[in-house]
Amino acid sequence: MLLLFLLIQLKTIQTYTAHKAATYLSAKLNTKVAIGNVEIDFFNRVVIEDIFIEDLHKDTLLYSKKIKIGINDINIEKHKINIKDIILYNTTTKLIKYKAEEDLNLQFILDAFTSNDTTKKSNNSPWDVNFAEVSLINSDFTFRNEHDTATSKGINFSDLTIKKINTRLADIYIEQDTIHASLDYLSAVEKSGFVLKNLSSIAT
C-alpha cells in the first residue's frame, strides 16, 4: 500500500510538472503549447505524452502522441547530455515558409531560446546534446514553401506531405553544421503517390 501511495504521488507530481512546463513555454513562445503527461523513470528514461506546439499562424508545428527518451548520462556542470535513444510515436511535424515571411515557422522558437547577452558567465553556455539513435514510428511530415508556386509532376519538393514514416537513425554524430548517421531503414508514402518501401544508407 505504501509503494502504491508513493507511485500515485510521484505520478501527480510529474503531471503537475508537465502542465507547469506547458504554461511556461506557452508564455515564453506566445503560442499554444500543451503537454499531456511526463513520466521520469529513475532519471534515465523520460516519456512525454500528447505534446502539442502551435505555430504563430495557429497551425500545428509539432504533435506527438508519445516521445520516449533514454538518457545515458547528464553532466550539469559541463552542460552535456548523452541520449541513448529517442523514439517518436504518431508524430506530426509541419515546416512551413509562409508567403509573407522569410523564415520557417519554427524560427520564433529558435529566437526565443537564443540569447544576445554575451556577458553571461560560461555556466550559462548552451547545452551539448548528443544522440545515439532516433526512431520515428508511423509519423507524418509536411514541408511547404509558399514562396514557390511552381507546379511539377511527381514529387514537388516545395510542397511535401509524407505519411507513414517509419525509420531509425543510428551512430549519430554532429560535426559543426553537418549531421552524420547510419540510416538503418526508412519507409514512407508521399502524397504524389511515391511509395518508399525500404531504404538504408550512410547519410550526411
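**Reading the model**

A: Start with one residue and its surroundings. This is a predicted model. Leaving aside neighbours within four places in sequence, I67 is in contact with V46, V47, I48, I51, I86, I87 and L88.

Q: Which residues touch the most other members of the largest nonpolar core?
A: Look for the residues that the others gather around. I35, I48, I67 and I69 touch the most other members of this core, which has 21 residues. Elements giving two or more residues to the core are α1 (2–29), β1 (33–41), β2, β3, β4 and α2 (107–112). Strand β3 supplies the largest share, 5 residues.

Q: Now the charged side chains. How many salt bridges does the structure hold?
A: Side chains of opposite charge can pair when their charged atoms come close. The structure holds 7 salt bridges. One of them joins D50 and K65, with the closest N and O atoms 3.4 Å apart. This pair links distant parts of the chain: D50 is in strand β2 (residues 45–54), K65 is in strand β3 (residues 60–75), and they are 15 residues apart.

Q: How exposed are D50 and K65?
A: Read the relative accessible area of each partner. D50 is partly exposed, at 28%. K65 is also partly exposed, at 42%.

Q: Which residue forms a salt bridge with R168?
A: The partner is D184, and the closest N and O atoms are 3.0 Å apart. R168 lies in strand β7 (residues 159–175) and D184 in strand β8 (residues 178–190), so the pair ties together parts that are 16 residues apart in sequence. R168 has a relative accessible area of 27%, so it counts as partly exposed. D184 is partly exposed too, at 30%.

Q: And which residue pairs with R144 in a salt bridge?
A: R144 pairs with E146, the closest N and O atoms being 3.2 Å apart. R144 is partly exposed at 26% relative accessibility. E146 is partly exposed at 23%.

Q: Let us turn to strands. In what sense do β7 and β8 pair?
A: Check the direction, then count the bridges. β7 and β8 pair in the antiparallel sense over 10 bridges. Within this pairing, I174 stands opposite I179 in β8. The two strands form a hairpin with 2 residues between them. Q176, in the turn, has a positive phi of about 55 degrees.

Q: Which strand pairs with β7 over 9 bridges?
A: That is β6 (residues 133–145), again in the antiparallel sense. F141 has I162 in β7 as its bridge partner.

Q: What should I keep in mind about side chains along a strand?
A: In a regular strand the side chains alternate between the two faces of the sheet.

Note on methods:
Residues numbered from 1 in each chain as written. Predicted model: local features only at pLDDT ≥ 70, side-chain atom pairs only at ≥ 80, totals over all residues. Heavy atoms only, no water. Salt bridge = Lys/Arg side-chain N within 4 Å of Asp/Glu carboxyl O. Helix = DSSP H or I, 4+ residues; strand = E, 2+ residues; numbered from the N terminus. Buried < 20%, exposed > 50% of the residue type's maximum accessible area, 1.4 Å probe, protein only. Pairing = 2+ DSSP bridges. Core = buried A, V, L, I, M, F, W, Y, C linked by side-chain atoms within 4.5 Å. Contact = heavy atoms within 4.5 Å.
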